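I opened the file to look up a few side chains, the ligand site and some backbone angles. My notes follow in the order I took them.

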Amino acid sequence: MVKEVVKYYDALARDYHQRFGYDQENDLEEYNEIRHLISDMFVDCDVLEVACGTGYWTGKVSRIAKSVLATDINKSMISQARKLLSGHPNVTFKEADAYSLKSIPNHFTGAITVLWWCHIPRGKVAIFLDALHSKLKPGSRVLHICQLEDLDSENHRQDSDGNTIALRKADSRVYHIIKNIPSEHELRKALSRVARDLQYLRYPDFGLWSVAYSL
Ligand SMILES: C[S@@+](CC[C@H](N)C(=O)[O-])C[C@H]1O[C@@H](n2cnc3c(N)ncnc32)[C@H](O)[C@@H]1O
């Protein structure tokens, strides 16, 4: 199922930006709240982004951060993000698997993931968080943003490990991808070992939650 997520987004890379409305201006109040959260958290930080996709949020972070290393497992996504952010000299890219972040340095003072948490199998949440946190200095600020619900929930099923599996189509193939929606309680529990000053927020009009904390 982890591989299905990789393959699905690889197939989607060329259309992803448009399909998710990233090529349009967004004037929702809650969207501005998220932008302000990013601005407040990452001023002058060296930020590691995991699963950057086509780089929409990378661009927002790069406006206030000292540097951003944007990573994704799919070359196809990184190549779209490179095109989008060619005029952002403080952004660099690297292919990396979120569960190992192999060959990523460990000097970062901030980290962000957007629309990534829902794709993590329950059994790999701790593995992902350990990999991410091992790349950050003490006191770093971390922000995860993801969905409050899966809008395309037809044909959902549960696997034997308690993961929600959703069906998605791309390039006339069906993909069985993990689509877990964590509750606030589950997020707090997963982060309780390491997170300080944890703040959980919901943006119902935008369909997103955010969790921000310090290490
Ligand atoms: C829903 S997209 C989110 C992209 C971007 N953060 C955004 O908000 O638009 C999920 C991303 O996760 C990436 N991905 C899937 N599996 C991954 C893995 N094991 N490690 C790193 N990235 C992965 C996909 O290539 C895709 O770009």
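I started with the contacts of Lys-179, taking contact as heavy atoms within 4.5 Å. Leaving out residues up to four places away in sequence, Lys-179 touches Cys-118, His-119, Gln-147, Asp-150, Thr-164, Ala-166 and Arg-168. The model is predicted, so local features need pLDDT of at least 70 and side-chain atom pairs count only at pLDDT 80 or more, while totals for chains, interfaces and linings use all residues. Residues are numbered from 1 along each chain as its sequence is written, and side-chain values use heavy atoms, with hydrogens and water left out.

I then placed Lys-179 in the loop between strand S8 (173-178) and helix H6 (184-191). Helices (H or I, at least four residues) and strands (E, at least two) are DSSP runs, numbered from the N terminus. Lys-179 counts as buried because its relative accessibility is 6%; buried is under 20% relative accessible area, exposed is over 50%, and partly exposed is in between (1.4 Å probe, protein chains only). Its side chain makes a polar contact of 3.3 Å with the side chain of Asp-150. A polar contact is a pair of N or O atoms within 3.5 Å; within protein, one must be able to donate a hydrogen and the other to accept it, and residues adjacent in sequence count only if both atoms are side-chain atoms.

Next I looked at Glu-186, which sits in helix H6. Glu-186 is partly exposed because its relative accessible area is 32%. Apart from neighbours within four places in sequence, Glu-186 is in contact with Arg-122 and Ile-181. The side chains of Glu-186 and Arg-122 are joined by a polar contact of 3.2 Å.

Which residues are closest to the ligand? I found 21 residues around it, the closest being Tyr-16, Ala-51, Asp-72, Ala-98 and Val-114; a residue is near a molecule if one of its heavy atoms lies within 4 Å of it. Helix H1 (residues 2-19) gives the largest share of this shell, 4 residues. Polar side-chain atoms of Tyr-16 and Asp-72 each lie by an oxygen atom of the ligand, at 2.7 Å for Tyr-16 and 2.6 Å for Asp-72. For Asp-97, a polar side-chain atom lies 3.1 Å from a ligand nitrogen atom. On its own the ligand has 590 Å² of accessible area (Shrake-Rupley method, 1.4 Å probe), and the protein covers 98% of that.

I checked helix H5 (residues 125-133) for its buried side: Val-125, Phe-128, Leu-129, Ala-131, Leu-132 and His-133 are buried. These residues pack against strands S1 (46-50), S4 (108-114), S5 (136-147) and S10 (208-214), and against H6.

In strand S5 I looked up Ser-140. Is Ser-140 buried or exposed? Ser-140 is buried, since its relative accessible area is 1%. Beyond four places in sequence, its contacts are Phe-108, Thr-109, Gly-110, Tyr-213, Ser-214 and Leu-215.

Last, I went through the phi angles. Most residues other than glycine have a negative phi. Ser-103 has a positive phi of about 65 degrees; Ser-103 lies in the loop between strand S3 (91-95) and S4 and counts as exposed because its relative accessibility is 55%. Asp-171 also has a positive phi, of about 50 degrees. Asp-171 lies in the loop between strand S7 (164-170) and S8, and at 60% relative accessibility Asp-171 counts as exposed.
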